[in-house]
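Today I'm going through charged side-chain pairs.

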Amino acid sequence: IITTGGQQGLDLAARVVVEDNEDIVVEAPSFVGTLNSLRSVRANLIGVPMDSDGMNMEKLEETLKNRKVKLIYTIPNFQNPTGITMSLEKRKKMLELAKKYDCLIMEDNPYGDLRFAGEYVPTIKSLDTEGRVIYVSSMSKILSPGLRVGYIVCRAELCDKIEIMKQVND
């Protein structure tokens, strides 16, 4: 689905997936724009601390064991505000945990194409064989900041619902 920037994609996905008072895991710290969007749908935000290579997987699993988490929100490449890139091992582990505890992952990747050094790390979405990952990205960072073109890639059932929500918005 083409969106009016990545932020609209994140907001639309949240509105379709999250219901009042559902638990959502977010990186601590995380991007304030998405946090505000998740708050606007009355989600319970649970912060999981960051390590030098991404979200702390032990704390994530502890949270998933003890709460009924609907969604994990992550910025795996050049995370905002820390700049951390999640390791491939942690990406695989996050997907494994999402499967084990039956929750979705919202992968926000507006910065993934801005790599100037280091090796490319596959997206979590590219590892997903079950449709657990809602992938959101933007052209704003690579083409022009004023060009508000983003997109969502997700399973058909969610795309259908997001498409209706987008029609309501614009």
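**Salt bridge notes**

I started with R67, which is partly exposed at a relative accessible area of 42%. My cut-offs: buried is under 20% relative accessible area, exposed is over 50%, and partly exposed is in between (1.4 Å probe, protein chains only).

Ground rules for myself: this is a predicted model, so local features need pLDDT of at least 70 and side-chain atom pairs count only at pLDDT 80 or more, while totals for chains, interfaces and linings use all residues. Residues are numbered from 1 along each chain as its sequence is written, and side-chain values use heavy atoms, with hydrogens and water left out.

Next I looked up the partner: R67 forms a salt bridge with D23, 3.0 Å from N to O. R67 sits in the loop between α3 (57-66) and β5 (69-74) and D23 in strand β2, so the pair ties together parts 44 residues apart in sequence. Helices (H or I, at least four residues) and strands (E, at least two) are DSSP runs, numbered from the N terminus. D23 counts as buried, at 8% relative accessibility.

For salt bridges I take a side-chain nitrogen of Lys or Arg within 4 Å of a carboxyl oxygen of Asp or Glu. That rule gives me 14 salt bridges.

Then D20 and R42: their salt bridge is 4.0 Å, N to O. D20 is in the loop between α1 (5-17) and β2 (23-28), and R42 is in the loop between α2 (32-40) and β3 (44-51), 22 residues apart. D20 is partly exposed at 48%; R42 is exposed at 54%.

Last item: K99, D102, E130 and R132 are linked in a salt-bridge network.
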